[in-house]
Amino acid sequence: MALRSIGIDPDTGQQGSPTVWVDEEKRELVFQGWRPDGLLEAECAAFELPGHAPGIPPHEAVIRIPARMVPLLREACDVAERAKL
């Protein structure tokens, strides 16, 4: 796996560590974040988009990432775009 570390939540301190990577081999953005509480997960699962069944498939997950990480998300997108992933 060719993981490229982009960054970690700048306010992470010593507990928790929302993180962003780019997997250049698989051509994916990879996120580590907080698990949602039951209410948020249920709200996400109930959301309907045209052409898609509601729910969260067993092979997918909802994660939470703090908005203060937007610069890191932008950087990850830029890295992926420059690498033509």
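How do the residues of the lining of the largest pocket divide into nonpolar, polar and charged? In this predicted model, eight of them are nonpolar, two polar and two charged. The lining includes Cys 44, Phe 47, Leu 49, Ile 56, Pro 57 and Val 62, together with Glu 48 and Glu 60. His 52 and Gly 55 also belong to the lining. The pocket has a volume of about 230 Å³.

The protein as a whole has two helices and three strands, which follow the order β-β-β-α-α from the N terminus. Along the principal axes, the C-alpha atoms occupy a box of roughly 35 × 35 × 20 Å. Of the 85 residues, 21% count as buried.

The three strands form an open sheet in the order S1-S2-S3, paired antiparallel. Strand S1 (3–8) and strand S3 (28–32) are at the edges with a single partner strand each, so one side of each has no neighbour in the sheet. On average, neighbouring strands are turned by 20° against each other, direction ignored. Strands of a sheet pair through backbone hydrogen bonds. Here, strand S2 (residues 19–23) is joined to S3 by five bridges, and the two run antiparallel. Thr 19 stands opposite Gln 32 in S3.

H2 lies across S1, S2 and S3, and its direction is at about 160° to S1.

Definitions and conventions. Residues are numbered from 1 along each chain as its sequence is written. This is a predicted model: local features need pLDDT of at least 70, side-chain atom pairs count only at pLDDT 80 or more; totals for chains, interfaces and linings use all residues. Side-chain values use heavy atoms; hydrogens and water are left out. On a 1 Å grid over the protein atoms alone, a cavity is a set of points where a 1.4 Å probe fits but cannot get out, and a pocket is an open set with protein on both sides within 12 Å along at least five of seven lines; lining residues have an atom within 4 Å of a point. Grid points are joined across faces, edges and corners, and a volume is the space filled by probe spheres set on the points. Ala, Val, Leu, Ile, Met, Phe, Trp, Tyr, Cys and Pro count as nonpolar, Asp, Glu, Lys and Arg as charged, and the others, Gly among them, as polar. Two strands pair if DSSP finds at least two bridges between them. Helices (H or I, at least four residues) and strands (E, at least two) are DSSP runs, numbered from the N terminus. Axes are lines fitted to C-alpha atoms, for helices over the stretch in contact, and angles run from 0 to 180 degrees between N-to-C directions. Contact means heavy atoms within 4.5 Å. Buried means under 20% relative accessible area, exposed over 50%, partly exposed in between (1.4 Å probe, protein chains only).
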